[in-house]
Amino acid sequence: MKEIMILDRRFREIITEEAIQEKISEMAFRINSDYKGREVIFLGILNGAFMFASDLFRRISFSARISFIKLASYAGTNSSGSIRELIGWNEDLRHKSVIIIEDIVDSGCTLEHTVNNLVIRHVTDIRIAALLLKPSSYTKSIPLDYVGFEIPDNFVVGYGLDFEGFGRNLTSVYSLVQ
């Protein structure tokens, strides 16, 4: 298994670039089938989802728009439990179908915050596309419509996810070696 060092921490590859790209193609196929002929706005959650959002959106075959919001909930390798809005909402989403693009869902706090903000904006339809899900950490009841991979409750980096700002450029996903 491939291992890397980021700062003073060792990480082991758990999902290859090839597996990620194959899974994104499968997810895009389902979304294209579900939303053919409809207007959709994709809403990427920065910073982590930028690579996933880009690769997924390029595979969408119907007319769609994409926008981003920037939220923060992590401090180091732990979720802080509080959500900070760093870049806000700049789209009129009233009566629109929205697909939230998340890099990873662990506790679900960021997702819940985002969904609540969409509800007060009178969005017609909300779906969730998440590359990674930590089922053992997920504490919310919001259904996830398109999930790439279920992973253990370990800290991960790569493919947009970072450790102290590093590792986002990795094309695979790596788990912290304890």
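A salt bridge is a side-chain nitrogen of Lys or Arg within 4 Å of a carboxyl oxygen of Asp or Glu. Keep that in mind for this tour of a predicted model, where local features need pLDDT of at least 70, side-chain atom pairs count only at pLDDT 80 or more, and totals for chains, interfaces and linings use all residues. Residues are numbered from 1 along each chain as its sequence is written, and side-chain values use heavy atoms, leaving out hydrogens and water.

**First stop.** Select K140 and E112, whose side chains form a salt bridge at 3.3 Å, N to O. This pair links distant parts of the chain, 28 residues apart: K140 sits in the loop between strand 7 and strand 8 (146-150), and E112 in helix 3 (residues 109-120). Helices (H or I, at least four residues) and strands (E, at least two) are DSSP runs, numbered from the N terminus. K140 is partly exposed at 23% relative accessible area; buried means under 20%, exposed over 50%, and partly exposed in between (1.4 Å probe, protein chains only).

**Second stop.** Now pick D125 and R38, joined by a salt bridge of 3.4 Å, N to O. D125 belongs to strand 7 (residues 125-133), while R38 lies in the loop between helix 1 (17-35) and strand 3 (40-46), 87 residues away. D125 is buried at 16%, and R38 is partly exposed at 37%.

**Third stop.** Go to helix 2 (residues 50-58), where D55 and R58 lie three residues apart, about one turn of the helix. Their side chains meet in a salt bridge at 2.2 Å, N to O. D55 is buried at 10%, whereas R58 is exposed at 59%.
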